[in-house]
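The following note concerns the packing of the helices and the pocket of the model shown here. Please read the points alongside the structure.

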Amino acid sequence: MREDKRVITLDDFQHNLLINGLNEFRNDLIETDKPTEDVDRLLLMIIDAPTKRELKKANREAR
């Protein structure tokens, strides 16, 4: 069975906000002695996510 993948586009602020939120959630899990493996994996995936620059469309009407 094929797993669906989701792709989201974030700016730098949103990327940092997501990382900080997951890190806070991870810290809460550590304080309550709950496993953090899934959150750790997701956090590393988001930190290591590649960047992709947007291509600006040329204004062809001006020509």
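1. Helix 1 (residues 12-31) and helix 2 (residues 37-47) have axes that come within 10 Å and cross at roughly 160°. Helices here are DSSP runs (H or I, at least four residues), numbered from the N terminus. Axes are lines fitted to C-alpha atoms over the stretch in contact, with angles from 0 to 180 degrees between N-to-C directions.

2. The two helices are therefore roughly antiparallel to each other, a term for angles over 145 degrees.

3. In the contact (heavy atoms within 4.5 Å), residues of helix 1, including L18, L22 and F25, meet residues of helix 2, including L42, L43 and I46. The contact residues comprise ten nonpolar, two polar and two charged. Ala, Val, Leu, Ile, Met, Phe, Trp, Tyr, Cys and Pro count as nonpolar, Asp, Glu, Lys and Arg as charged, and the others as polar.

4. Helix 1 contributes four residues to the lining of the largest pocket, the largest share. That lining divides into eleven nonpolar, three polar and six charged residues.

5. The model is predicted: local features need pLDDT of at least 70, side-chain atom pairs count only at pLDDT 80 or more, and totals for chains, interfaces and linings use all residues. Residues are numbered from 1 along each chain as its sequence is written, and side-chain values use heavy atoms, leaving out hydrogens and water.

Key:
Angles under 35 degrees count as roughly parallel, over 145 as roughly antiparallel, 65 to 115 as roughly perpendicular and the rest as oblique.
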